[in-house]
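Hi,

Here is the structure I promised to hand over. My notes follow below it.

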Amino acid sequence: MRDNEWLFRGRYGRFHEELVAPSIYPQRHRLTVSAWRVPDEPVPFDVAVAQDYQPFEIGTAWGRAWSTMWLHVTGQVPEAWLDGRSIEIVMDLGFRAQMEGGQAEGLAFRPDGSIIKAIEPFNRYVPVEDAEGGVIDFYLEMAANPEVGIGGSWHPSPYSHKGIVPDEPLYVLRQMDVAVRDDTVWELDQDLQVLRELLDELPPDLPRRADIVAGLNRAIDAVDPADVAGTAADARAVLAPVLASPAYASAHRIVATGHAHIDSAWLWPVRETVRKCARTFANVIALMDEHDDMVFSCSSAQQYLWIKQYYPGLWERLKEKVAAGQFVPVGGMWVESDTNMPGSEALARQFVLGKKFFMDEFGVEPLEVWLPDSFGYTGALPQVARAAGARWFFTQKMSWSEVNQIPHHTFQWEGIDGTRIFTHFPPVDTYNSRLAGFELAKAERQYKEQGHGTMSIVPFGYGDGGGGPTREMVARARRTADLEGSPKVRIGSPREFFEEAEAELERPYTWVGEMYLENHRGTYTSQGQTKRGNRRSEHALRAAELWATTAAVRTGLPYPAEELEEIWQTVLLQQFHDILPGSSIAWVHREAETNYGRVLERLDAIVSRSVAELAGDGETPLVVNSAPVPLEGVAPFSVVPAPAPPDAGPVSMAGDPASGLVLDNGVLRVTVDADGHLSSLVDLRADREVVPAGRVGGLLQLHNDRPSMYEAWDIDAHIRRRTDDVTAAESVTVVEKSDDAITVEVVRRFRESSVVQRMTLARGSDALRFVLDIDWHEQRTLLKLAFPTDVLTDRAASECAFGYHWRTTHTNTSWDMAKHETVAHRWVHVGEPGFGVAVANDSTYGHDIVREQYGADGPVGTTVRLSLVRGPKFPDPDTDQGHHRLQVSLVVGAGIADAVLEGQRLNQALRHVQGAAPVEPLVSADPESAIVEAVKMAEDGSGDVVVRLYEPLGRRAATPVGVSFGFDRVVRTDLLEREIGAAEADEAGVVRLQLRPFEIVTLRYSGVRQP
């Protein structure tokens, strides 16, 4: 007869709670504690150790939010314990049972300043290292990190910024003991937990389930409640054959790799991430010292750099573990960045700087892209990754999609250019596994390649706020290596997994295009100032590198390589997937915005210095075009005298603001009604009205923005059910009127906010430019800018890195419906054959583009809306409050090539200087067939010049690339500037390229000299 499982469950719970858990540390002795409270920001060990420490009692409250306190802990192990038993210091800093990486943490130091290990909510011990004498003497840095997310994902937190937190301490020091650890009881505890968790995952009628219940009952019988320590070995002996029963031959195979997803900022500031990295890495290295089969996979070169800069002793130990193959650098990127919003070159530089660091410091080149938690993945990424030398791609975030799931776990992902990369989604659906029974069973159950493949990867360890793997997790891995009813688990590296998976899966399926996450759509808009800082910095970096390279080649001015690399590091760090998306606490975003200000100042100085050196001393007015496209008649990458106005008729105006205005420049006729709306927009060349009858363009719309789950992250589809149009105008005035341009200013006030909207029509232009100054004081409200168009199309193009995505404008399928808010870089385009409209922007990423019927019996057209500003209250309760300035351009009669050009023009304005002479472009290419994305000096300091370009229109193209300097040789390289093929140049030094759609090409010129 089978054992009664219902009775067993109650019996097991009491047994574990009353006998096993208390017997792991059967003897304890309190230690002596003294403390020093750090007055402000954290200090290094050598400062802390020199302070005056005062006695501190167990049970005392400590830690105002974001503060630091140091403890000096001393004592003596009782002599009777010094007989070879395991002795540990166990402590409780006031831990709570949730958010393991988002509360109090500690880092233990020896008196000489070397690190022992960290203290975390689920890793609370420090070994006693003086096994013979039993002397205890160490320092503990305690971080009072608040649980910012404790109230849920929409309640405002009082801990979003250090300057506003309450004075009350958050934690109580509950325990600081030296204790005997009973190793046999601890091992029994691991046996019990593995079998107990496995039991819950087995079918109720499976014999194996009955075997486990019976075995656990017999183990309980074997333990004497009066002598747990003396009988624990007997219980283990009972369980040994249950644990030795081998896995099924067809069992799923799991490569478990240690992991600690450490957000480079999120519910804590960057400065705390530095300490989180030290704590996590110290624990991992200590675990490796105990378990030589332990493997830990860690991404983000930035995090390694922090250890090198701030913890040199730990850095040396880390390097030893990398050399031993235990501490495995993965990902090859500077940080685990967002991939939706970073510009083309920034996405490339994530790999350039990341891989360069890993190769320089460790001689290791990661071959996988490791992005477990980013919020969707651009279709440009396969090409970028492969061009950086990557072979594989890993993420689990796509499991978060709300409705539709990509129907594969291991497959080929094909990007917008046709490049493919072998990809894996772990069916365990987490990057923070504990190797618990339910997680292993889930990985096996959900694996979609069953019948074709046999294996998946499971990253295990506490994460988000760090912590990493624990010895309990290692114990689980060992017990499930070959266990009946469980997948087969082995600890290994991502490379081991990918090489085996790639070999066994002969015909993987292919997913084509972007991987759109059906979630977190608000991240395209939240924290507008952070996003503007990113956009401006990306373009300023391109300009600084261009002119610094030109000056280095032409004049010998030293190239500021170190400074530019430092700036890139800052910009790339802030493209982390919780900074640029706007989903961090206020502290993070205010710091990011300050950093962007400094970045722009430094880059402006580089451009000014370089252009001054090139143009020479003089008083001739000159204009500088840093864009890869013509601007106002100025050739790309050139410095020239101010050009004459375009050869076009003047801009005229009829009517008055009270009754309506009509502006006309011979290309467009613009009608602005008395409320300041765009009531008509006619392309005079095509005799085509753009604005549907009865609708207006440039319409501001408000939405109740209260997502169901994650406030800063999400925009839900239900916002469309109610739209409040902002129609009333406080004033409509003409603020500029000349033959060259007319500007109409509209002031609107609504609720607690206001918008000053300026529309400018310039001489000869096919674009109507908008400048919006928004004074925003709404919360949980979304402001959109709408442009209804009389353009019938079933798809729209949205710029992404190195190209664009096509997305449907209809809702035929659930996949179409889910894309109710999408991301674009500098432009979107809707078009019919022969006619289209582009909407460009200077800092906006969130859009929705829908097919819409205008009136009950009216025509069907396409409405383009930009998401301008939001007001979520978590995790930053003041998100987006204050002033915002944005630019938008509506281009009429536009093809995609026109959209590309306008996006460039709107984001890289002409610069006005004085000098002695014009400056010829260093590099030239046809902007309609190739966009030059970067002109720079080679990373290795050789003096070679590197030019990166791509085909922007999604078509095959022939383009000549010319340079105005002499050189000995030009070759094609990968993103890391390693030669991959020849590039033939003619006698004039022109390289003629045949480009595939969206193809990226990097050229490297060596032996550079003046012609």
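Thr-862 is buried, because its relative accessible area is 0% (buried means under 20%, with a 1.4 Å probe and protein chains only). Thr-862 sits in strand β43, residues 860–869 (strands are DSSP E runs of at least two residues, helices H or I runs of at least four, both numbered from the N terminus). Leaving out residues up to four places away in sequence, Thr-862 touches Phe-787, Pro-788, Thr-789, Val-791, Leu-792, Thr-793, Thr-809, Val-830, Ile-849, Val-850 and Tyr-854 (contact: heavy atoms within 4.5 Å).

This is a predicted model: local features need pLDDT of at least 70, side-chain atom pairs count only at pLDDT 80 or more, and totals for chains, interfaces and linings use all residues. Numbering runs from 1 along each chain as its sequence is written, and side-chain values use heavy atoms, without hydrogens and water.

Now the cavities. There are eight of 30 Å³ or more (a cavity is a set of points on a 1 Å grid over the protein atoms alone where a 1.4 Å probe fits but cannot get out; lining residues have an atom within 4 Å of a point). Of its 20 lining residues, Gly-343, Ser-344, Glu-538, His-539 and Glu-933 are the closest to its centre. α14 supplies the largest share of that lining, six residues.

The second largest cavity holds about 80 Å³. Strand β14 (residues 296–298) gives the most to its lining, three residues.

Best wishes

Methods
Buried < 20%, exposed > 50% of the residue type's maximum accessible area, 1.4 Å probe, protein only. 1 Å grid on protein atoms, 1.4 Å probe; cavity = no way out; pocket = protein on both sides within 12 Å on 5 of 7 lines; lining within 4 Å. Points joined across faces, edges and corners; volume = space filled by probe spheres on them.
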